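Reader: Hey, can you walk me through this one? I'd like to start with the ligand.
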Amino acid sequence: MGHRYRADDRFYKGTRYMDELEATGEKLACEVFGADWATLRPLSGHMADMTMVSTLTKPGGSILTVNPADGGYPGLSDQAGYPTFVNVRNLYFPFDSERMNIDVDKARGLIEDEKPSLVVFGQSFFLFPHPVKELASACSSAGSRVAFDGSHVLGLIAGGKFQKPLEEGAELLLGSTHKSLFGPQGGIIVGMSGAEADVKGRQFPGLVDNAHWNRVAALAWALDEARRVGEKYATQVIANSKALAKGLNEGGVPVKCEDYGFTESHQVFLDIQDQKEIESLTQRLEDANIIVDHGIRIGTCEATRRGMKAKDMEHVAELIVRVYKGEEPAKARREATRIRRQFNRILYT
Ligand SMILES: Cc1ncc(COP(=O)(O)O)c(C=O)c1O
């Protein structure tokens, strides 16, 4: 399938299994996300976002998202993001950085005043569910379309453990399929009633031609896994991030949002502001075979799929604490490698 095309108008012959595959994958996605319709064709989360913007806004319109400065996705920002290419003006959610969440009252006021064409919930630095339900009626009164970019949290949503954007008032739920959802790299869009024909019409052939059917096959498989064991997986992912955050914090590494339980997602943020300290710590961790980003944002999905439980995350936290406190990375690396070797299976499959 990795070399082939299929088309709805049957231009290509010999596509029976790909036709079945797409229908099966869409049905699974609807079941997993509680949607009326789905498409597995976006080649990435970003392309799903492009499809969303070009379907739900017009040139001269506006889009409300989380600012990258607050952990929003730069690809949807006015810092060289897609909306600027299609003449769509960016607005940003008022944000409470203590709680790492949208400020509901101020956001309601902004939506009433500005009447954005499109309101997009979801962000890249994502600890807590977004207030979709709380803002849905303001969006509806303002005539704003509502979407949820779940790139980071799709696996948790699939497991029923984060929030239910489509029930709460979003018309589209979209995102990457390879972050907390353990599919192949790619994208997905699912939705309620209205927008299906518009989204699919915009998508093909304007934004996605060949959907890469080998990827779609892998994604359908991942959705079936999510349907069967997604709840168990998501529960463990969240338990693991809470255990990791607690272990780090108790060990003396500052972790963001302590007063709010640190996290309800797969992510944990270290609360370090000094850029030099961030550079030094992330490098020393890399030297110890512990890979994080400059956020400093740590995710527990992959470790969870490898079978790590809360007690193992405490062990990982301990290692990070040792490096943070100045232990020689080479020494920590031996321990990191030893721990990692104990987890050679893929679970939740
Ligand atoms: C919120 C959000 N949306 C979209 C994307 C883009 O996804 P992809 O990398 O699959 O294109 C990202 C990437 O990290 C993201 O964080």
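**Around the ligand**

Author: Helix H2 gives the most to the shell around the ligand, with 3 residues. This is a predicted model, where local features need pLDDT of at least 70, side-chain atom pairs count only at pLDDT 80 or more, and totals for chains, interfaces and linings use all residues. Residues are numbered from 1 along each chain as its sequence is written. Helices (H or I, at least four residues) and strands (E, at least two) are DSSP runs, numbered from the N terminus.

Reader: How many residues surround the ligand, and which are the closest?

Author: The ligand is surrounded by 15 residues, the closest being Ser44, Gly45, His46, Ser124 and Ser176. Here, near means a C-beta atom, placed from the backbone, within 6 Å of the molecule.

Reader: OK, new topic. In helix H5, which residues are buried?

Author: Val132, Leu135 and Cys139 are buried in H5 (residues 132-142). Buried means 20 or more other C-beta atoms within 10 Å of the residue's own, exposed means 12 or fewer, and partly exposed is in between, with C-beta atoms placed from the backbone.

Reader: Why do they sit on the same side of H5?

Author: Because they cover an arc of only 80 degrees around the axis, taken from the directions from the helix axis to the C-beta atoms.

Reader: And which are exposed on the other side of H5?

Author: Ser137 and Ser141 are exposed there.

Reader: What comes just after H5?

Author: Gly143, with a positive phi of about 75 degrees.

Reader: Last one: how far apart are the C-alpha centres of domain 1 and domain 2?

Author: They lie 28 Å apart. The bounds, 16-225 for domain 1 and 230-341 for domain 2, come from an automatic or database domain assignment.
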